[in-house]
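Subject: Structure handover and findings

Hello,

Please find the structure below.

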Amino acid sequence: MFYVYIIYSKTFDVYYKGFSENIVQRLLYHNENRSKYTSNKGPWELVYSRAFETKKEALIEELRLKKLNRKSLEALIKDQKET
């Protein structure tokens with residue numbers, strides 16, 4: 001499986017959107033400052049994830065998420081928490 005995820009840093013009040021085959025390991029990398037764009041901005045928490053069968057589908061969804069504004073991201077996160 002391939003995953004698209006959104007993590008959130010309460011400290012910096014910022015969201016990061018990404019793609020991975022292993023969300024648990026990827027979140028660990030973000031929190032260990034091993035990821036270029038998220039280093040020294042944590043701690044990070046996983047607030048959204050969605051699984052896809054193909055890498056292509058996941059990458060298309062990641063690109064769509066990266067184009068969303070903050071209000072749309074927060075609505076998406078809220079919708080997932082309610083289901």
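Arginine 70 and glutamate 74 are four residues apart in helix H3, so about one helical turn separates them. Helices here are DSSP runs of H or I with at least four residues, strands are DSSP runs of E with at least two, and both are numbered from the N terminus. The side chains of arginine 70 and glutamate 74 meet in a salt bridge, with 3.1 Å from N to O. A salt bridge means a side-chain nitrogen of Lys or Arg within 4 Å of a carboxyl oxygen of Asp or Glu. Side chains of opposite charge can pair when their charged atoms come close.

This is a predicted model, in which local features need pLDDT of at least 70 and side-chain atom pairs count only at pLDDT 80 or more, while totals for chains, interfaces and linings use all residues. Residues are numbered from 1 along each chain as its sequence is written, and side-chain values use heavy atoms, with hydrogens and water left out.

Salt bridges

The structure holds six salt bridges. Arginine 70 also meets aspartate 13 in one of them, at 2.5 Å from N to O. This pair links distant parts of the chain, 57 residues apart: arginine 70 is in helix H3 (residues 70–82), and aspartate 13 is in the loop between strand E1 (2–9) and strand E2 (14–20).

The cut-offs are under 20% relative accessible area for buried and over 50% for exposed, with partly exposed in between (1.4 Å probe, protein chains only).

Another salt bridge joins glutamate 61 and arginine 64, whose closest N and O atoms are 2.8 Å apart. These two are three residues apart in helix H2 (residues 55–67), so about one helical turn lies between them. Glutamate 61 counts as buried at 8% relative accessibility, whereas arginine 64 is partly exposed at 37%.

Sheet and helices

The protein chain has three helices and three strands, in the pattern β-β-α-β-α-α along the sequence. The three strands form an open sheet in the order E2-E1-E3, with antiparallel pairing. E2 and strand E3 (44–52) stand at the edges with a single partner strand each, so one side of each has no neighbour in the sheet. From one strand to the next, the twist averages 20 degrees.

Two strands pair if DSSP finds at least two bridges between them. E1 and E2 pair in the antiparallel sense over seven bridges. Valine 4 has phenylalanine 19 in E2 as its bridge partner.

H2 lies across E1, E2 and E3 and runs at about 165 degrees to E2. H3 also lies across E1, E2 and E3, but runs at about 75 degrees to E3. For these angles, axes are lines fitted to C-alpha atoms, for helices over the stretch in contact, and the angles run from 0 to 180 degrees between N-to-C directions.

Inside the chain

The largest nonpolar core has 13 residues, and those with the most contacts inside it are Ile6, Tyr15, Val47, Tyr48, Leu65 and Ile77. At least two of its residues come from each of E1, E3, H2 and H3. E1 supplies the largest share, four residues. Apart from this core lies another, of six residues, including Tyr5, Ile7, Leu27 and Trp44. A nonpolar core is a set of buried Ala, Val, Leu, Ile, Met, Phe, Trp, Tyr and Cys residues joined through side-chain atoms within 4.5 Å.

What does tyrosine 48 touch? Leaving aside neighbours within four places in sequence, its contacts (heavy atoms within 4.5 Å) are Val4, Tyr5, Ile6, Glu61, Leu65, Leu76, Ile77 and Gln80.

Serine 35 is in the loop between helix H1 (23–31) and E3. At 6% relative accessibility, serine 35 counts as buried. Not counting residues up to four places away in sequence, serine 35 touches Arg26, Tyr29 and His30.

Of the 83 residues of the protein chain, 34% count as buried.

Regards
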